[in-house]
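Please look over the sequence and the structure before reading on. The paragraphs below go through selected features of the chains.

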Amino acid sequence: MKLLKLVPEDTNIKFLKLRVPFFILSILLTIGGWVAVATMGLNYGVDFAGGQEIRATFTETAEAPVVELRETLTALESVEDPIVQRFGEPNEVSIRVKLPPEAEGNPEFANQMTNQIVEAISVNHPDVRIDGVDSVSGKVSGEFRNDAALALLAAMIMVAIYIWIRFEWQFGVGALFALFHDVSVTLGLFALTQMEFSLQIIAAILAIIGYSLNDTIVVYDRIRENLKKYRKMPLPELLDLSVNETLARTVMTSLTLLVALLPLLFFGPASLFGLVAAITAGLFIGTYSSVYLASPLLIWMGVTSDSFVPQETETDIQEKKVLGKL
Amino acid sequence: MLDFPLWKKFSLWGLTLALAAAALPSLVAPFMEEPAPTEATTPQAQEESSLPQVNLGLDLAGGSHLLLEAKPEDVKRQKLENMEEAVKQALENATPEIEFGDTSRSEGQLSFILDSATDIDRARGVLEPLMMGEGLVREWDLTVVDGQRMVLTPTDRGIDVAVNTAMEGAVEVVRRRIDLLGTREPTIIRQGDTRIVVQVPGLQDPQALKDQLGQTAQLEFKLVDQQALPTNTQAGVANPGSQIFPYAEDSDFPGGFEAVKRLGGIRGDSLINARAGVDSRNNENVVNIQFDQQGGQKFAQLSTENVGERFAIILDGKVISAPVFNEPILGGSAQISGNFTAESANQLAISLQSGALPVPLAVIEERTVGPDLGAESIRSGLVAMIIGSLAVITLMIATYGRFGIYATIALVFNVLMLLGLMAIGNFTLTLPGIAGFVLTVGAAVDANVLINERIREERKRGRKVVTAVENGYNEASRAIYDANVTNFIAGVLLFWFGSGPIRGFAVVLVIGLVTSVFTAVTLTKMWVAGYLSSKRPKDLTI
């Protein structure tokens with residue numbers, strides 16, 4: 001049986017030759033991500049912004065009357081700036097409204113608002129079915145924001161520490177930079193596309209961190225191995241060798257994950273779309289950063305083949321002295 | 001390394017099959033007819049009869065999720081109120097009675113002035129025992145200002161204890177109320193210091209639940225102040241010793257007020273029963289209540305002494321109605337009339353029967369998912385997963401041949417073991433959890449890819465078959481181990497800091513990493529070893 005080989009044997013692609021331009025690109029992407037977040041802002045869902053989200057299906061209408069709904073809701077006195085979006089199937093919508101300040105501390109308020117909205121829609125559309133209501137107070141959403149930021153930060157730092165312990169400090173720093181890059185670019189993408197940013201997306205970003213780490217660690221592991229094996233090889237050459245040696249694995253893994261994700265993206269539940277889209281984007285971002293950011297950083301931080309030779313301890317030195325005297 | 005003694009094979013297979021078997025009830029359940037809820041199938045009976053199954057989160061199964069929160073200030077206020085009563089009683093019961101006045105509760109302190117400065121030491125002696133809580137925890141600080149003014153301040157510890165006690169009581173009351181509503185399998189968990197999570201699967205309309213839980217159900221009977229001038233009452237000016245309460249919105253006098261006497265009333269905490277009913281005389285909906293012995297005696301006394309006078313029935317600080325005592329009410333049962341519908345009477349009965357909440361609760365987060373949507377999500381999620389899995393399997397087998405088949409079988413066991421562990425551990429599968437599944441599959445595939453690529457490399461370098469496989473597993477294990485530990489760390493932190501549905505994702509991720517390493521590394525190694533030792537191939541197609 002002839003087996004499929006996605007990557008030809010003995011590739012020798014000079015990845016690191018273009019390390020400076022790609023490094024600049026990475027920096028620009030990282031900064032760009034934050035600029036996008038700062039200028040355009042993230043489209044926070046009710047998880048993070050607070051407010052109400054009502055998901056509804058028009059059971060006898062082919063397409064949800066988004067424009068009309070928007071007008072109907074804007075006409076309501078209690079509703080300000082409603083966001084009406086298609087959600088999944090053409091006849092499904094998501095309606096997001098802010099809770100006014102007076103809703104804080106008044107649990108009745110959110111109920112009344114929901115009832116008003118549902119009533120207003122039902123007048124022209126008796127076929128509307130309410131699939132779900134999410135109502136998150138400003139206090140809880142603020143906590144969600146803090147918790148999410150904390151989870152991301154803690155995960156990145158803990159992971160970097162682990163790599164520092166298992167490898168060398170340069171590897172820990174390299175991985176941390178790569179992760180920071182991945183998170184920045186992903187956040188930037190969400191700011192650019194204005195896709196809804198919810199708690200699920202935080203899960204996606206953590207999955208991206210995990211995936212990107214897988215890549216980085218596989219390459220780092222090979223670099224460590226080669227540093228011990230080829231003690232005289234110049235570092236850029238050694239990095240290229242390591243990336244090339246793991247290339248078949250990188251392509252194969254990315255491809256399998258991609259073929260698993262794509263059906264979820266196209267046929268999966270609408271409520272998972274954002275999450276899966278983020279992970280899919282992260283797949284590419286993570287692979288890129290492992291090769292073009294995490295590895296070249298090692299050169300600039302001065303990793304040498306001595307990094308993995310056990311250093312002489314005090315006792316070793318003393319023993320030598322004693323032996324020398326003898 | 002490729003040596004698998006019999007005992008090892010047995011235990012590996014045993015573990016694998018046991019966990020995979022644990023997944024079967026969850027896989028079979030959707031295809032079985034849901035038994036009709038009869039009297040025999042009480043929740044307990046169901047729990048005993050069924051095998052452990054994977055819980056479906058509310059986002060998949062449909063239902064309501066509520067997050068309730070209490071304000072510590074409410075607890076503090078209550079603590080001060082109770083203390084005022086205790087202090088009054090203690091000082092009045094002292095022999096001779098200690099006279100005092102100018103009581104005030106402000107800025108979280110209770111203070112009063114003794115009529116005579118010489119009573120200071122005696123008052124101190126009487127009050128000191130009240131300052132300590134259970135287990136000799138100091139709950140109050142007692143200071144004397146200007147020689148005569150005594151100031152009582154709750155300590156931080158005292159407030160903590162009070163909040164904790166109130167929340168424990170609140171969880172119990174919430175549980176009783178939900179049970180009385182007759183909903184199935186609710187989850188009620190205390191979260192943090194002042195929060196309660198309530199999850200009710202299958203409940204589509206959370207309104208009734210929220211109405212029920214939003215009610216503190218603090219019931220009071222107080223005599224109406226007959227001397228109060230209606231204009232004063234309406235303007236919020238009360239006579240000394242009186243207090244003004246608004247009428248409830250659904251009462252006969254919405255927007256109205258009633259002046260009542262502060263002291264000498266009865267509290268509803270001495271109720272032992274409450275039932276909704278209909279008054280046979282005028283067909284009105286009423287709630288019939290039953291006092292315990294002590295409360296019954298008090299009520300009998302109150303009604304005997306005040307025949308012909310009006311008394312106000314006050315629920316959560318709002319007057320429901322203010323009927324007249326037509327005759328002494330003996331025997332400890334009474335009727336609450338108001339502007340009730342059958343439904344609201346029933347609701348009040350449930351609230352009263354389950355007792356008053358020790359502290360008011362507000363809904364600060366609410367999520368409802370209709371069951372249709374949940375079912376649709378599961379269906380499309382499953383379809384997508386099946387397509388994805390088939391694609392992965394095809395790719396793996398086309399690339400690695402026999403080793404790809406091993407990886408595929410390992411993948412199937414991985415999914416089964418993951419489901420089995422979730423069923424055993426009683427974890428909940430949520431929508432993001434499905435994404436966690438995909439990632440786990442990804443991790444398992446990656447491990448096999450790493451191993452197989454390594455074996456290819458070793459073969460290319462001319463190593464013998466057995467050595468190549470051994471090296472492949474050994475060398476790849478290092479990276480697999482590191483990658484999974486880092487992901488594990490991320491997953492644990494996600495669980496730690498995350499909330500709600502995100503935790504569902506983290507749970508699947510963390511358990512999945514363990515099962516994927518086991519299936520993708522250990523199990524495949526055993527199968528490969530079996531193949532090598534029985535066939536002794538000279539070459540590998542990989």
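Predicted model: local features only at pLDDT ≥ 70, side-chain atom pairs only at ≥ 80, totals over all residues.

Residues are numbered from 1 along each chain as its sequence is written, chains are lettered from A and ligands numbered from 1 in the order in which they are written, and side-chain values use heavy atoms, with hydrogens and water left out.

Begin with helix packing in chain A. Helices and strands here are DSSP runs (H or I of at least four residues for helices, E of at least two for strands), numbered from the N terminus. Helix H1 (residues 19–40) and helix H10 (residues 273–300) of chain A cross at roughly 115 degrees, and their axes come within 10 Å. H1(A) is therefore roughly perpendicular to H10(A). Axes are lines fitted to C-alpha atoms, for helices over the stretch in contact, and angles run from 0 to 180 degrees between N-to-C directions. Angles under 35 degrees count as roughly parallel, over 145 as roughly antiparallel, 65 to 115 as roughly perpendicular and the rest as oblique. Residues of H1(A) that meet H10(A) include A:Phe22 and A:Phe23, and among their counterparts in H10(A) are A:Tyr288, A:Tyr292 and A:Trp300; contact means heavy atoms within 4.5 Å.

Further along chain A, the axes of helix H7 (residues 199–229) and helix H8 (residues 235–245) come within 9 Å and cross at roughly 130 degrees, so H7(A) and H8(A) are oblique to each other. On the H7(A) side the meeting residues include A:Val219 and A:Ile223, and on the H8(A) side A:Leu235 and A:Leu238 are among them.

In chain B, helix H1 (residues 6–28) packs with helix H12 (residues 402–424) at an angle of about 70 degrees, their axes being 7 Å apart. H1(B) and H12(B) are therefore roughly perpendicular to each other. The contact involves, among others, B:Trp13 and B:Ala20 of H1(B) and B:Phe413 and B:Gly420 of H12(B).

Back in chain A, a nonpolar patch on the surface is formed by A:Leu153, A:Ile157, A:Met158, A:Ile161, A:Trp164, A:Ile165, A:Trp169 and A:Leu176, with about 800 Å² of accessible area together. Patch residues have over 30% relative accessible area and no salt bridge; like charges are joined within 9 Å and nonpolar side chains (Val, Leu, Ile, Met, Phe, Trp, Tyr) within 5 Å. Areas come from the Shrake-Rupley method with a 1.4 Å probe, and for residues only the protein chains shown count as cover. Helices H5 (138–166) and H6 (169–193) of chain A each supply at least two of the patch residues, and H5(A) gives the largest share, six residues.

B:Arg195 pairs with A:Glu143, the closest N and O atoms being 2.6 Å apart. Because B:Arg195 lies in strand S8 (residues 195–201) of chain B and A:Glu143 in helix H5 of chain A, the pair joins two chains. Over all chains the structure holds 41 salt bridges.

Two backbone details in chain B remain. The peptide bond from B:Thr95 to B:Pro96 is cis, with omega near -15 degrees, and B:Pro96 is in the loop between helix H4 (72–93) and strand S3 (100–106). B:Asn283, in the loop between strand S13 (271–278) and strand S14 (285–291), has phi near 60 degrees, a positive value in a residue other than glycine.

Key: Salt bridge = Lys/Arg side-chain N within 4 Å of Asp/Glu carboxyl O.
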